[in-house]
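Subject: Structure handover

Hi,

Here is the structure I promised to pass on. Please open it alongside this note.

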Amino acid sequence: MKPQIDRAQVLKSFFFDNLSYKVVSLFVALILWISILGRRDFVTTKEMSVQLVLPPGYMVVGQSHDKLRVKISGAQPVLKKYKDSFKKVVFDLSDSGEGLVEIDVPNNRIDVPEGVKVLNVKPNVIRVEIAKIKN
């Protein structure tokens, strides 16, 4: 004859045997879960093209940089969508004349969607030499 197994005893031993280990494991899992979910801001770098708007009859003879490296932070889905899109930074130099022009590139000059923050822009100065087109 088989001895009958008491279901209540099996359930009780399942939940309460090694209870201290189970409680510690639960707290470790909760702490890891909260710390991973709490990391909302990710940081990435995006390369952006520089486009110059010149006055009619002028051209760019020399340019120190034609791309900007922009370090941005924000939520991962927004960053991925923004990083995958083609973006360029437009500088209006239509009021400039002939000669060397220095363009300051502050962080707030970069257009980013809501939820994305510009941390750094390199280079922060672009030097452009403009000359009049000779006919």
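Predicted model: local features only at pLDDT ≥ 70, side-chain atom pairs only at ≥ 80, totals over all residues.

Below is what turned up, element by element.

Start with the open sheet of four strands. Its order is S4-S1-S3-S6, and the pairing is mixed. Strand S4 (88-92) and strand S6 (116-122) form the edges, each pairing on one side only. From one strand to the next, the twist averages 35°.

Inside the sheet, look at strand S1 (residues 42-53) and strand S3 (residues 67-74). They run antiparallel to each other, with eight bridges between them. Phe42 sits opposite Gly74 in S3.

A helix also covers part of this region. Helix H3 (residues 76-84) lies across S1, S3 and S6. Its angle to S1 is about 30°.

Ser49

Ser49 belongs to strand S1. Is this residue buried or exposed? Its relative accessible area is 18%, so Ser49 counts as buried, the cut-off being under 20%. Leaving aside residues up to four places away in sequence, Ser49 touches Asp66, Lys67, Phe86, Lys87, Lys88 and Val89.

Two backbone points to check

The first topic is a peptide bond. Lys122 and Pro123 are joined by a cis peptide bond, with omega at about -10°. Pro123 falls in the loop between S6 and strand S7 (125-132).

The other topic is a phi angle. Asn18 is not a glycine, yet its phi is positive, at about 55°. Asn18 sits in the loop between helix H1 (7-16) and helix H2 (19-38). Its relative accessibility is 52%, so Asn18 counts as exposed; the cut-off there is over 50%.

The nonpolar patch

H1 and H2 also matter for the surface view. Each of these two helices supplies at least two residues of a nonpolar patch. Which helix gives the most? H2 does, with eight residues. The patch members are Leu11, Phe14, Phe15, Phe16, Leu19, Val23, Leu26, Phe27, Leu30, Trp33, Ile34 and Leu37. Together they have about 1300 Å² of accessible area.

Take Leu30 as one member of the patch. Leu30 is in helix H2. Its relative accessibility is 36%, so Leu30 counts as partly exposed. That class lies between the buried cut-off of 20% and the exposed cut-off of 50%.

Best regards

Definitions and conventions: Residues numbered from 1 in each chain as written. Heavy atoms only, no water. Pairing = 2+ DSSP bridges. Axes fitted to C-alpha atoms, helices over the stretch in contact; angles between N-to-C directions. Contact = heavy atoms within 4.5 Å. Buried < 20%, exposed > 50% of the residue type's maximum accessible area, 1.4 Å probe, protein only. Patch = residues over 30% accessible without salt bridge, like charges linked within 9 Å, V, L, I, M, F, W, Y side chains within 5 Å. Areas by Shrake-Rupley, 256 points an atom, 1.4 Å probe, with all protein chains shown as cover. Salt bridge = Lys/Arg side-chain N within 4 Å of Asp/Glu carboxyl O.
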